[in-house]
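Trainee: I would like to learn how to read a few features from a model. Please show me one to begin with.

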Amino acid sequence: MIGFATSIGRGLRLKLGDWGASARLLGTLLLHVGACLRRFSLVREQIFFLGNRSLSIIGVSGLFVGFVLALQGYYTLQRYGSAEAVGLLVALSLVRELGPVVAALLFAGRAGTSLTAEIGLMKAGEQLSAMEMMAVDPVQRVLAPRFWAGFIAMPLLAAIFSAVGIIGGWLVAVPLIGIDAGSFWSQMQGGVDVFKDVGNGFVKSVVFGVTVSFVALLQGYACKPTPEGVSQATTRTVVLSSLAVLGLDFILTAMMFSI
């Protein structure tokens with residue numbers, strides 16, 4: 001019994017130590033915003049790496065999500081004689097929920113894994129240790145630009161996802177199904193609030209960008225410097241980022257629409 005309690009206490013102490021180290025790393029990344037602004041070229045390179053190279057999967061996924069939303073929305077709204085409101089349904093679904101959430105999940109799978117693998121390989125190759133030997137802070141030089149690049153890129157990708165999804169919904173609803181184009185756009189313009197709907201979606205995308213970027217960098221920075229350690233850290237990045245995004249989405253939605 002004493003040994004069991006000791007093992008539990010040891011496990012809790014180690015876990016609390018990990019949480020403390022994670023919180024300290026997050027605080028350090030946030031404090032390095034000034035250094036990143038002074039050397040914005042480093043952030044710009046990472047925005048291209050994380051954002052531009054994710055445009056293809058974001059655009060194609062957003063288009064097909066818009067297709068599906070328009071079809072499902074039309075079949076549902078037609079029962080109640082409100083098929084003209086399919087544009088409003090597509091827009092609200094994308095800007096409130098699917099745009100930020102699905103874009104964040106795709107961002108975690110494409111950019112998050114790349115960040116984890118890159119940092120993990122740098123650690124395995126002792127490049128981070130070499131920087132420390134040369135009095136260069138690897139957190140400031142390597143991790144912080146990638147963190148703030150994810151912070152900037154994620155809202156832009158979510159906005160592109162939502163915009164392409166709305167275009168996809170229009171392609172299905174108007175040319176394919178035959179809904180009046182004026183009704184499609186007027187219902188959307190009249191029902192979507194810039195601050196309540198678009199603004200809440202933007203806040204979600206910012207939170208998701210910070211979360212996914214931090215989880216990816218943390219897993220790469222704390223992984224074992226072996227091929228197995230890097231592969232396990234990459235897998236953890238996808239799992240933890242996805243769970244964090246879905247959990248935070250529920251919390252943020254409950255907070256936004258209860259106020």
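Trainee: What covers the buried residues of α3?

Mentor: The cover includes α2 (33-38), α5 (86-124) and α7 (138-177). Contact means heavy atoms within 4.5 Å. Helices are DSSP runs of H or I, at least four residues long, numbered from the N terminus. This is a predicted model, in which local features need pLDDT of at least 70 and side-chain atom pairs count only at pLDDT 80 or more, while totals for chains, interfaces and linings use all residues. Residues are numbered from 1 along each chain as its sequence is written, and side-chain values use heavy atoms, with hydrogens and water left out.

Trainee: Which residues of α3 are buried?

Mentor: Buried means under 20% relative accessible area, exposed over 50%, and partly exposed in between (1.4 Å probe, protein chains only). In α3, residues 40-50, the buried ones are Leu42, Val43, Gln46, Ile47 and Leu50. Down the helix axis they fall within an arc of 140°, so they line one face of α3; the arc is that of the directions from the axis to the C-beta atoms. Arg44 and Glu45, on the other side of α3, are exposed.

Trainee: Where does Ser54 lie, and is Ser54 buried or exposed?

Mentor: Ser54 is in the loop between α3 and α4 (55-77). Its relative accessibility is 2%, so Ser54 counts as buried. A polar atom of the Ser54 side chain lies 2.6 Å from the backbone oxygen of Leu50. Setting aside neighbours within four places in sequence, Ser54 is in contact with Arg110, Ala111 and Leu157. The charged end of Arg110 also sits over the ring of Phe49, 5.3 Å from its centre; the test is CZ of Arg or NZ of Lys within 6 Å of the ring centre and within 35 degrees of the ring normal.

Trainee: How many aromatic pairs does the structure hold?

Mentor: A pair of aromatic rings is described by the distance of the centres and the angle of the planes. Rings of Phe, Tyr and Trp (its six-membered ring) pair if their centres lie within 6.5 Å; planes under 30 degrees apart count as stacked, over 60 as edge-to-face and the rest as tilted. The structure holds five such pairs. In one, the ring centres of Trp148 and Phe151 are 5.2 Å apart with planes at 75°, so the pair is edge-to-face. Both residues lie in α7, three residues apart, about one turn of the helix. Trp148 is buried at 14% relative accessible area, and Phe151 is partly exposed at 29%. Ring pairs link Phe147, Trp148 and Phe151 into a cluster.

Notes: Helix = DSSP H or I, 4+ residues; strand = E, 2+ residues; numbered from the N terminus. Polar contact = N/O pair within 3.5 Å; in protein donor to acceptor, adjacent residues only side chain to side chain.
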